[in-house]
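Subject: Handover of a structure

Dear colleague,

Please find the structure below for your records. My notes on it follow directly after.

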Amino acid sequence: MKYFRSHILVGINETSVAAGVHDFVAELRQEINKHSLQEEINILETGPLGFFGKGICLTVFPENVNYENVKSEDIPELVSEHFLKGRLVKRLMLDSSGKFSPKFNYDQRIVLRNSGIIDPESIDEYLGVGGYEAWEKALLNMTPEGIVAEVKKSGLRGRGGAGFPAGLKWSFTAPLKAEQKYVVVNADEGEPGTFKDRLIMEGDPHQLLEGIMICARAVGATKAWIYIRGEYKLCINRLNHAIEQCKEYGLLGRNIFESGFDLDIEIKIGAGAYVCGEETALIESLEGNRGNPRWKPPFPGVEGLWKYPTVVNNVETLANVPYIIKNGAEEFLKYGTPECPGTKVYTILGDVAHPGLCEVDMGATLRTVINEYAGGMKKGFKFKAALVGGAAGVILPEKMLDVKMDFHSLNQYAAVLGSGAILVMNEHQSIVDMLWSILRFFRHESCGKCSPCRNGTQQLYSLISKIKAGEGTMDDVELMLTIAQTMQQTSFCALGQSPIMAIRSAIENFREEFVDITSK
Amino acid sequence: MYKEICGKYAPTKDNLIYILHEIQDTHPQHYISEEAVQVISDYLKIPSNHIYGVLTFYSMYSTKPRGKNIIRLCESPPCYIKGSDNILRKLKNALNIKVGETTQDGLFTLELAACLGVCGNAPVMMINDDVYGDLTEEKVDEIITKIRGGK
């Protein structure tokens with residue numbers, strides 16, 4: 001094995017690809033070779049680095065320095081200063097004051113622990129960090145009942161939005177006798193502001209596959225589908241590549257490890273519909289239909305894809321599973337709160353100093369996430385509100401910055417954690433405008449199956465447009481609440497039940513803005 | 001040509017979405033014609049109204065001929081608060097078309113999209129498979145000019 005003086009990790013994701021990272025790496029390699037440093041400096045193309053700077057980002061180990069927005073023309077300076085002479089290039093560093101270091105993140109990672117550290121396209125690197133040990137353990141040393149019990153004990157809750165306990169979900173399907181059962185992975189991430197699943201899949205695809213395998217074993221499924229949105233090209237390529245590697249290594253296929261267990265994983269590509277994040281709509285789409293949700297019950301766990309028992313789980317949920325099985329539920333319970341153990345991956349956007357991705361203990365406050373993981377507010381901006389959970393989420397004012405963020409605590413304030421998207425707004429931004437944009441989104445994404453949602457989203461959009469144009473009254477504002485409440489009580493699926501969240505939180509917390517704009 | 005594409009997939013309904021994707025991606029005008037719907041209907045033995053229903057449900061499919069470069073600008077809240085409306089106005093002006101239309105030279109089609117999952121770089125648009133982030137009006141000009149030059 002070769003020993004290198006420094007490792008340059010280059011984050012390859014949709015963002016950096018858009019910034020031309022492939023050409024960049026080739027040029028960087030050339031420059032390194034030009035200085036004959038190729039034996040000393042290793043360049044590693046990896047997934048998301050755990051911070052989300054602009055453009056092309058690099059992390060250099062062992063120095064643990066992060067560079068962001070590095071361009072081709074910076075390469076000569078970077079190589080001659082940092083890699084030849086050992087002087088850091090301050091102007092390109094993520095935070096030249098050194099106060100904000102994503103190193104802090106590494107201490108409490110579960111889902112992202114390998115992201116940005118291993119090469120996501122190499123199964124050997126995943127194996128090198130203990131990958132697939134949980135799969136081996138689950139398959140050879142544990143019974144399906146034992147796996148379900150362990151996941152139940154861990155208290156892992158679904159990370160897709162609703163927070164349903166994963167072990168409980170599995171326990172509905174596991175004991176059923178059926179000639180076929182399925183696992184479906186919901187990778188149709190469409191909640192505005194959310195891209196955590198994309199980065200989890202880009203950064204560590206094998207971890208997701210391992211989670212799927214363990215789930216399949218626990219519930220007795222021999223076929224798994226990953227339903228992924230068509231735009232996520234890099235994820236699709238990496239997952240396909242990872243599945244091929246697993247087949248080669250005998251981790252997937254027939255009679256795995258001579259246990260008599262068969263499993264096949266296949267990718268299905270979506271075609272663009274927000275409602276397909278709803279599990280029964282997703283199943284309809286997999287069957288080749290319009291993505292209209294189904295009546296529940298029967299729940300998919302009992303009667304799902306082609307009427308067979310089907311467990312549908314979010315990407316992040318399954319990515320937690322290998323850790324739980326390998327280290328035991330006790331280890332997992334050390335993270336987060338008693339009601340919501342574990343960590344949560346957030347995407348923080350808007351007017352913070354370092355928008356990006358982070359993995360934080362469940363129950364951390366919004367203030368902690370913004371200040372410690374996103375570097376606080378952007379210089380010159382003051383916090384006004386945060387949209388937490390995407391369009392189906394809530395608008396939280398400053399007074400709620402210290403509420404614990406987990407499924408349980410937020411529920412007490414009629415708020416939701418949702419998918420983990422945090423969109424931070426500054427004091428100049430208008431809540432009415434924001435609500436307008438959210439309601440426009442719902443109007444567009446309503447699938448049209450049930451009338452409360454189909455008509456309700458249209459009416460809400462008309463009313464907020466009228467208010468936004470300064471032609472509305474406070475009666476219109478109250479009417480929005482009534483409509484959204486009716487939708488919550490009568491809509492067929494979560495899509496129509498969701499707009500009330502944003503509407504109520506906006507009106508309750510920022511009533512004066514609605515009064516102002518309607519009294520002009 | 002449509003028959004050939006269909007033939008790559010087993011004739012089961014769940015392959016409909018795949019077949020539609022491939023037919024649209026390989027068509028020079030990136031759309032699914034009535035003729036294609038008929039061929040798929042015969043192949044999968046499902047009524048063409050079902051296919052049409054699926055086709056019009058999902059935002060990635062089009063029943064109208066489109067340009068060589070399909071611009072999909074995100075209009076979801078994270079992009080909206082970063083000024084996607086200004087970018088839309090700029091695109092409309094630069095291309096001289098409305099949303100859903102194609103330029104006369106067949107080079108561009110302008111569409112709106114829900115969240116593209118690249119919110120860290122809002123406002124964002126995709127042109128075919130490529131993502132363009134941190135858009136400004138100047139950047140839009142550059143991108144359009146570059147594509148026009150390269151055809």
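A residue is called buried here when its relative accessible area is under 20%, exposed when it is over 50%, and partly exposed in between, with a 1.4 Å probe and protein chains only. The model is predicted, so to speak of local features a pLDDT of at least 70 is needed, side-chain atom pairs count only at pLDDT 80 or more, and totals for chains, interfaces and linings use all residues. Residues are numbered from 1 along each chain as its sequence is written, chains are lettered from A and ligands numbered from 1 in the order in which they are written, and side-chain values use heavy atoms, with hydrogens and water left out.

By the definition above, V129(A) is partly exposed, because its relative accessibility is 39%. This residue sits in the loop between α5 (123-128) and α6 (133-141) of chain A; helices (H or I, at least four residues) and strands (E, at least two) are DSSP runs, numbered from the N terminus. Neighbours within four places in sequence aside, V129(A) is in contact with N114(A), I118(A) and K326(A), where contact means heavy atoms within 4.5 Å. Its C-alpha atom is separated by 9.9 Å from that of I117(A), 12 residues apart along the chain.

Chain A also holds an open sheet of five strands, in the order β10-β9-β13-β11-β12, with mixed pairing; two strands pair if DSSP finds at least two bridges between them. At its edges are β10 (356-361) and β12 (394-397) of chain A, each of which pairs on one side only. Strand β11 (residues 383-388) of chain A is antiparallel to β12(A), with four bridges, and A386(A) has L396(A) as its bridge partner in β12(A). Helix α15 (residues 366-373) of chain A lies across β9, β10, β11, β12 and β13 (421-426) of that chain, at about 130° to β10(A). For such angles, axes are lines fitted to C-alpha atoms, for helices over the stretch in contact, and the values run from 0 to 180 degrees between N-to-C directions.

Chain B has seven helices and four strands. Of its 151 residues, 57% are buried. Strands β1(B) and β2(B) run parallel and are joined by six bridges; in β2(B), L110(B) is the bridge partner of I71(B). Five of the six residues of β2(B) are buried, so this strand is largely enclosed by the rest of the structure.

Which residues of α6(B) are buried? They are S84(B), I87(B), L88(B), K90(B), L91(B) and L95(B). Seen down the axis of α6(B), the buried residues fall within an arc of 165°, so they line one face of the helix; the arc is that of the directions from the helix axis to the C-beta atoms. They pack against β1 (69-74), α5 (77-80), β2 (108-113), β3 (125-127) and α7 (137-150) of chain B. After α6(B) comes N96(B), with a positive phi near 60°.

Finally, the interface. Chain B and chain A bury about 3600 Å² between them, 57% of it on carbon and sulfur atoms; buried area is the accessible area (1.4 Å probe) that two parts lose on being put together, summed over both. Chain B contributes 37 residues to the contact and chain A 54 residues. On the chain B side, F57(B), Y80(B) and I81(B) lose the most area to chain A, together 18% of what that side buries.

With kind regards
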